[in-house]
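Here is a short report on a pocket and a helix beside it. Look at the model first, then read on.

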Amino acid sequence: MSLDKILSIAGKSGLFKLITQTRAGFVAESLIDGKRITVGLRNNVSVLSEIAIYTLEEELPLREVFLKIQVKEKGGKTAIPHKSDKLKLEEYFFEVLPNYDEDRVYSSDIKKVIQWYNILHENGISDFSEAGEEEASEQE
């Protein structure tokens, strides 16, 4: 499954998989507990493939950050939990992405990236390559 079908919904914890569209929005399934919810068009929804992290030079797509974490962790879960203290989160993220913009990437953002990576890992979603994204969009 590509990041094009994985959603972050404001006000809801965790990540969701897009199931189907409806007239008033869409149906999504939680990657944490498998519960399905109906999401209206008024909700603030972000597709993971559209999110980027600020670096000192450019905005780096989230999938590339996930790839860097995956390489650092040799395909496993992150060495630190997302609920670690601010300093540990920043140290870890600096190891993964040494040129991230410390003024525009907050510890809450780092916490989300680590949490999302671990949720995706637990659900067997580990192909963060661009080829995987292109193949998925071609199939639609």
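The largest pocket has a volume of about 280 Å³. A pocket is an open set of points on a 1 Å grid over the protein atoms alone, where a 1.4 Å probe fits, with protein on both sides within 12 Å along at least five of seven lines. The volume is the space filled by probe spheres set on the points. This is a predicted model: local features need pLDDT of at least 70, side-chain atom pairs count only at pLDDT 80 or more, and totals for linings use all residues. Residues are numbered from 1 along each chain.

The lining divides as follows.

| Class | Lining residues |
|---|---|
| Nonpolar | eight |
| Polar | two |
| Charged | four |

Helix α3 gives the most to this lining, with four residues. Helices are DSSP runs of H or I, at least four residues; strands are runs of E, at least two. α3 has 16 residues and reaches 23 Å from its first C-alpha to its last.

Ile-110 has a relative accessible area of 0%. Ile-110 touches Leu-89, Glu-90, Phe-93, Tyr-100 and Val-105, not counting residues up to four places away in sequence. Contact means heavy atoms within 4.5 Å.

Definitions and conventions. Heavy atoms only, no water. Buried < 20%, exposed > 50% of the residue type's maximum accessible area, 1.4 Å probe, protein only. 1 Å grid on protein atoms, 1.4 Å probe; cavity = no way out; pocket = protein on both sides within 12 Å on 5 of 7 lines; lining within 4 Å. Nonpolar A, V, L, I, M, F, W, Y, C, P; charged D, E, K, R; others polar. Expected span 1.5 Å × (residues − 1).
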